[in-house]
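Subject: Structure handover

Hello,

Please find the structure below, followed by notes on what was found in it.

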Amino acid sequence: MTLDRTNPEKPPTPEELLAHADGELPAAAAEAAEAWLRAHPAAADDNQALHRLTGLCRDHAAPEPTPAAWDRTLQAIESRLAAPKPLPGRAPTLRIVLSLVAAAAILLLLTRVFWPTPLLPPPELGTDDEEPYAVATADEIVIVSMDPRNLSNLVVGGPPVEGELDLAEFDEVKVLDRKPNNDGQVPEMHQGGNVPMILPTGAWGGKED
Amino acid sequence: MATVTLPCPPSASDEQLLRCFAAGDRGALEELFRRYRQPAYRVAYRLLGNEADALDAVQDGFVKALTHLQSFQGRSSFKTWLLRVVSNASLDLGRQRGRRDVLRLDAAQNHDDPDQSLTTADETTRGLERRDLRMHLEAALARLSAAHRQTFVLHAEAELSYREVADALGISIGTVMSRLFYARQKLREYLSERKA
């Protein structure tokens with residue numbers, strides 16, 4: 001695993017500490033985590049308690065199926081894999097369906113070309129017909145750690161980001177719909193200087209400033 | 001001239017077994033099944049909470065993994081690919097059948113628990129505690145979101161490394177790290193609630 005450590009003085013994040021307990025950090029990062037944990041015994045205990053949950057889960061594994069149950073499962077897999085593929089006789093049916101779809105598409109195209117409809121004005125922003133631009137759902141965004149100096153910036157997306165970023169002004173962003181996540185957090189838009197910021201509030205109780 | 005395909009030896013690598021399977025060697029499928037049925041079952045069981053559904057998910061997973069080998073293309077290990085398919089099949093099955101109902105039923109009907117075969121009073125108590133704790137764990141896991149549950153189960157039950165979990169789910173290691181931390185924090189919280 002490669003962790004971006006631009007600041008070696010920065011303490012390890014709780015996620016990194018747990019990854020260390022799982023034996024997943026590379027040597028240098030593991031050493032740093034170990035040193036930090038030695039200096040913070042309370043955090044070390046907490047980290048170990050979280051790590052033990054994995055062992056607890058493994059120690060209380062599912063009851064093993066009987067050999068007969070395994071045999072039945074294997075037989076079912078074999079019979080499903082051996083099931084005959086769709087017969088070639090079905091191909092003409094598929095061809096007929098495809099021909100009908102193609103004919104319908106051509107008919108629709110001809111109708112639109114030779115039967116002109118009056119031009120409709122484009123839908124106005126904010127009407128019910130407008131489909132919100134789905135950026136991401138709450139559980140699709142994970143910010144593992146962030147430099148405190150960058151807290152006023154909203155960072156979303158993955159590298160590589162090519163070209164210059166065109167950031168929106170606060171009054172150019174309009175929230176059409178908001179839904180709480182599993183923890184009851186609701187995204188709120190705030191003005192951070194000239195830039196819009198989206199922060200979670202609600203059950204989490206995030207600061208509104 | 002007829003072509004004779006020699007059966008794969010049981011010690012063959014997964015890649016060799018897959019080639020033998022593609023050539024029609026029934027023994028290769030048996031060996032792959034024997035090799036990976038347990039981690040696949042453990043993952044499915046934790047995501048579904050009962051044996052019958054877990055075995056159905058294992059069955060679905062093996063069938064889908066072997067019939068869509070072109071999607072696998074050797075980018076990860078067969079084990080990782082299989083567990084990805086099994087865990088997805090388990091989540092699908094759970095959604096179809098309603099996992100929480102299944103969990104309640106299983107708690108009442110779990111007669112095949114090996115813990116119950118223990119004989120001494122101490123062992124029986126320990127067995128009951130074990131079963132009780134396993135049920136608490138399953139109930140706590142059921143409260144996690146599908147993404148967190150799947151990530152945690154692949155790591156804890158199938159013993160996949162962070163890299164393997166990332167490959168299996170098509171996410172970054174950072175996301176795995178974050179999900180595993182969050183999942184365990186939530187599990188601890190849910191288990192403490194029950195204890196209280």
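In the largest nonpolar core, which has 63 residues, B:Ala44 and B:Val86 touch the most other members. Such a core is a set of buried Ala, Val, Leu, Ile, Met, Phe, Trp, Tyr and Cys residues joined through C-beta atoms within 7 Å; buried means that 20 or more other C-beta atoms lie within 10 Å of the residue's own, with C-beta atoms placed from the backbone. Helix α2 (residues 26-48) of chain B gives this core its largest share, eleven residues. Helices are DSSP runs (H or I, at least four residues), numbered from the N terminus.

This is a predicted model: local features need pLDDT of at least 70, side-chain atom pairs count only at pLDDT 80 or more, and totals for chains, interfaces and linings use all residues. Residues are numbered from 1 along each chain as its sequence is written, while chains are lettered from A and ligands numbered from 1 in the order in which they are written.

Leaving out residues up to four places away in sequence, B:Ala44 touches B:Ala54, B:Ala57, B:Val58, B:Val86 and B:Ser90. Contact here means C-beta atoms, placed from the backbone, within 7 Å.

Between the chains, 30 residues of chain A and 42 residues of chain B take part in the contact. On the side of chain A that touches chain B, the elements giving two or more residues are α1 (14-21), α3 (41-59) and α4 (67-82) of chain A. Of these, α4(A) gives the most, with nine residues.

In chain B, B:Gln150, B:Thr151, B:Leu154 and B:His155 of α8(B) meet B:Val165, B:Ala168 and B:Leu169 of α9(B).

Regards

Conventions. Two residues are in contact if their C-beta atoms, placed from the backbone, lie within 7 Å. A residue is buried if 20 or more other C-beta atoms lie within 10 Å of its own, exposed if 12 or fewer, and partly exposed in between; C-beta atoms are placed from the backbone.
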